[in-house]
Structure formats: structure tokens, C-alpha cells
Amino acid sequence: MTQEEAKTRIIDYVYGEMSELEIKEFETIMNSYPEIAREVDILRKIRSAINTLPAPELPQRIKSRLMVNAVKRAELHKKRREGLLTWLEKLFLSPAFASAMVIVVALGVGVHIIMLDHRLGDIERYDRIEKKIAVQDKSDAQPEQTPLSVEAEKTMIPPAQSQKLEAKQKKVPMKPQLERKVEEDTAVVSAPKKKTSYPVGKAESYPTLEMESGLPSASARSTADNIAREEKQDAMYLIRHARTAVKMGDLQGGLNLYRKAIALGLPSQQLRIVLKEAIDVAKSLGRKDIVDEFIKQLDNIK
Amino acid sequence: MIYVLVIFIAIFIKRKGFSSVSNSGTITDDQLYRLFAEGDAKAFGILLDRYGNKVFGYFFHYFGDNEIAEDLTQETFLRVITAATDFRGDCSFATFLFRIARNLCIDTVRARASRGVTSSLEDQVDDVRPLSEVIKGNSLEPDRKAFSDELQKAIENALGHLPDEQREVFILREIEGLRFREIADILGVNENTVKSRMNYALISLRKALMGFRP
């Protein structure tokens with residue numbers, strides 16, 4: 001503290017509005033500069049003169065009048081507060097409110113369990129997709145199979161998949177399952193009916209419509225439908241999560257999920273749309289490397 | 001679990017009956033005011049004991065009129081009673097109280113000015129009774145009492161000639177004992193402005209009391 005600062009702070013010193021440290025600093029300066037000490041002395045004298053003034057006292061009648069008002073107001077506050085508490089007490093102890101609370105808690109627990117189950121289902125589905133993709137990758141990497149091994153596989157796998165293998169053997173380009181299913185359906189409708197006579201006998205010995213038309217049986221078709229539906233659901237599931245990941249800014253995570261969705265091969269239209277959307281997001285975030293990756297994936301679909 | 005807890009708390013508070021001011025010495029002004037807002041009249045009694053004379057002194061030194069000081073003190077505390085449930089604790093109770101008092105001061109000064117009555121002590125200091133006449137049971141010896149009366153009159157005279165803004169700062173700091181920070185809060189001005197006004201007030205008082213020797 002300088003001498004000038006000390007002069008401006010005389011009032012703080014006299015009225016005791018300084019910290020211990022400031023007081024020490026001020027007193028050191030005051031001892032070196034008598035004009036500051038004189039100023040402090042005068043102010044102290046003025047203060048002691050003012051302190052001789054007796055403190056005026058509020059008359060008792062005013063105090064009593066004020067207390068009467070205060071008691072009235074306090075009663076009012078008390079009643080209002082008590083009223084609220086009584087109401088709360090009644091509410092909480094009423095059977096209707098208690099039942100409502102039980103229902104709300106039960107609902108809450110139920111929703112929680114469902115959400116948990118849903119989350120577990122998600123994890124299971126993801127694991128299944130992972131496994132499926134791994135199996136597909138493995139089968140793509142395998143060398144061309146011999147007719148014998150194909151025949152062996154045919155006996156082990158469902159009809160829809162055996163058709164895939166047949167197509168492979170005949171070097172016919174493989175069509176997506178959904179397209180093939182549409183063709184099959186139209187074939188059933190448009191197939192010319194053969195005129196056949198059947199011997200009278202047991203019903204089981206009659207050939208079915210499918211057997212006659214050379215189409216797969218109803219059970220084989222339903223299995224193929226189920227697989228197609230499942231694959232579509234899996235792809236949609238991956239797309240949904242990939243989209244969320246991209247929106248949340250996890251571009252790499254989104255990209256990985258898109259790769260998996262593309263590996264499943266369905267449905268390409270939705271994939272194109274969401275990949276373009278992801279490219280926009282990556283561009284806006286300035287992630288050129290990821291943009292290139294997304295474009296590559298888009299090309300893969302084409 | 002929570003349900004049962006709420007019921008118990010409600011019953012406990014209701015049976016306990018909100019109050020009480022068992023050890024008033026340790027309870028802060030803010031706590032007392034909140035207790036009053038919850039329905040404890042005793043809490044207000046303690047606040048009145050703590051601040052009644054201070055507020056009365058503030059008005060008395062400001063207007064130099066016992067009657068006005070009584071009316072305004074009563075009005076201030078009535079407003080404090082009414083506003084209890086609205087007090088949010090943004091400032092201390094003292095600041096809150098003196099803000100009300102100061103607003104009443106300003107309103108009174110304006111009302112008096114519009115009626116053509118003098119706005120401060122300035123023009124009526126000569127008619128003001130010495131403070132000792134206002135105070136009950138003043139038992140000073142005759143000589144000392146005479147001197148004290150003279151000194152009081154000189155101080156009151158000097159106070160009456162101070163500009164309003166310096167006088168209110170002086171009263172709040174010197175007579176009511178509020179800190180500069182609190183005064184700045186009440187007046188809504190900078191702390192340095194308050195100190196500067198106080199300095200000017202002290203210089204004026206110093207001049208007025210120059211020839212005074214006991």
C-alpha cells in the first residue's frame with residue numbers, strides 16, 4: 001500500500017472495514033506519515049462525538065401495535081401451511097391415491113423390464129447378424145464345391161438355400177431372395193395346369209399342386225419367406241443403428257454398421273438413401289476420409 | 001418407501017408445529033424472518049427488538065421529526081410483515097428492511113415536496129428538539145447535559161444541512177452501523193460512491209464541529 005492509497009482508505013480503517021493484513025500495512029504507513037495519523041485522529045473524534053448521541057427508542061405502543069399485526073399475520077401463515085399439510089396427509093393416506101401409486105410403480109417396473117428385454121434382444125440380434133456375416137464370408141472364401149459336397153449340403157440345409165447352391169452350379173447369376181420369391185409367386189399363378197387323372201385311393205397318395213408344377217413345397221416356400229423376412233429385418237436393424245450412430249457423430253461406428261448391412265445385401269434402395277445422408281453428415285463434419293469410405297460403400301451397392 | 005417417508009414427514013412437521021425460537025441469540029435475521037413466514041410470531045418479536053430502534057433512528061435522523069419517524073417505522077414494519085412470504089433471501093434481512101425504509105423516505109420526501117413542505121431537515125433544524133428530549137430516562141448531570149445538548153444540536157444542525165444522499169449514507173453507516181457494502185446494496189449504487197458520499201458528509205460535520213470543545 002502506497003501513501004496515496006492509504007489516504008483514500010482512511011475511511012475504511014476508521015470504520016473497521018479492512019482485513020488484518022491491510023490494517024498492518026496501513027498502520028505501517030500511518031506511523032511514517034503524520035498527516036495520515038492526524039486525519040485518522042480527527043475522524044475518530046467526530047465518531048466519538050456522534051456516539052454521544054443517545055439512540056432514539058421506538059415507543060412501546062408502536063411495538064405493541066406492530067406485534068398485534070404480526071400475530072394476526074402469523075396465524076394466517078400457520079393456517080395456510082397447516083391446511084396444505086393436512087391436505088397432503090389426507091391425500092397420501094387415501095386408498096385411491098395409494099392404489100394409483102401402486103399402479104404407477106407397477107407400470108414403471110413393467111416398462112423398465114420391457115426396455116431391458118428389448119435391449120437384450122438387440123444384443124442377441126446383433127450377435128446373430130455378426131455370426132451370419134461371418135458364415136457368409138467363410139462360404140464366399142471357400143473353393144468351388146464338388147457335386148458330391150453340394151449334394152451333401154443339400155441334404156443338410158433348407159430348400160431355399162439349396163436353390164441358391166443349384167443356381168451357383170448352373171452358373172446362373174444369383175438373384176436376391178425377394179425378387180426370386182416374386183417370380184416364384186407369379187410362376188404359381190401362371191403355371192399351366194396339367195390334366196391328370198388320379199386313381200381312387202388314399203388321399204396321401206395324390207400328388208400336390210406344387211409337386212405337379214415342379215415348384216417348391218409350401219413348407220419350403222414359407223421357410224424361404226421367413227429367411228428373406230429375417231434378412232430384411234436384420235438389414236433394417238443395422239441401417240437404423242448405423243443412422244443413429246452417424247447422427248450422434250460416431251461416423252466410424254456408422255460406417256462399420258453400414259458395411260454389415262451391405263454384406264447382408266438388403267434393401268439397397270434404403271441403403272443408398274441413408275448412405276447419401278451419412279455422406280452429407282461426414283462432409284459437414286469435415287471428415288474427408290470417412291466421406292471417401294461412404295462413397296466406396298455406395299459404389300458397392302450399385 | 002418414498003411414499004411412507006413423505007407421510008411421516010408431513011405428520012412430524014404438523015405435530016411439531018413449526019416453531020420454535022428456542023435460542024434467539026444464535027438464529028440469524030434471515031432464519032427468524034423465515035420462521036415468521038411459517039407462522040411464528042415470536043420470531044418477528046425478536047426482529048423488532050433487533051431493528052425497531054435502528055429503523056426509528058434512521059427516520060428520526062433523516063427527518064428530525066418524532067411523529068414522522070414513528071409513522072414511517074410503523075409503516076416499514078407493516079410492510080415487512082406483509083412481505084414475509086415473498087422474501088427469497090436474495091439479500092440479507094437488514095438490506096431488505098432498510099430498502100423498504102429508504103423507499104418510504106423517498107416517497108415521503110416527494111409527497112412533502114408536492115405539498116410544498118420542506119423535503120429535509122435543512123430548513124427546520126433550528127426548530128428540532130434536542131435528541132435527549134426524545135429519549136426517555138436521560139440521566140446526565142446538569143453541566144454535562146447542557147454540553148451534550150449543545151453537541152447534539154450542533155450535530156443535528158450539521159446533519160440537517162447535508163444533502164439528502166450524503167445524510168442517508170451517514171445515518172446508515174454511522175448511526176445504524178451498516179457496512180459500506182450493505183449500504184451500496186440498499187441504495188443500489190457502487191461501494192466507492194457510498195464511501196465518497198461518506199467522506200463529504202464527514203468533511204461537512206468536521207467543519208460544523210470545529211469550534212466544539214467539551
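How many of the 214 residues in chain B are buried, as a percentage? I found that buried residues make up 50% of them, where buried means under 20% relative accessible area, exposed over 50% and partly exposed in between, with a 1.4 Å probe and protein chains only.

Before going on, I noted that this is a predicted model, in which local features need pLDDT of at least 70 and side-chain atom pairs count only at pLDDT 80 or more, while totals for chains, interfaces and linings use all residues. Residues are numbered from 1 along each chain as its sequence is written, chains are lettered from A and ligands numbered from 1 in the order in which they are written, and side-chain values use heavy atoms, with hydrogens and water left out.

Entry on chain B. I looked up the elements and found 10 helices and zero strands, these being DSSP runs numbered from the N terminus (helices H or I, at least four residues; strands E, at least two). For contacts (heavy atoms within 4.5 Å), I read that 62% of those in chain B between residues at least 6 apart in sequence join residues at least 24 apart.

Entry on B:Glu70. I located B:Glu70 in helix 4 (residues 66-82) of chain B, and its relative accessible area of 8% makes B:Glu70 buried. Leaving aside residues up to four places away in sequence, B:Glu70 touches A:Pro59, A:Arg61, A:Ile62 and B:Phe56.

Entry on aromatic rings. Searching the whole structure, I found 15 aromatic pairs over all chains; rings of Phe, Tyr and Trp (its six-membered ring) pair if their centres lie within 6.5 Å, and planes under 30 degrees apart count as stacked, over 60 as edge-to-face and the rest as tilted. The rings of A:Tyr13 and A:Phe26 are stacked, because their centres are 4.5 Å apart and their planes stand at 25°. A:Tyr13 lies in helix 2 (residues 10-14) of chain A and A:Phe26 in helix 3 (residues 20-32) of chain A, so the pair ties together parts 13 residues apart in sequence. Both A:Tyr13 and A:Phe26 are buried.
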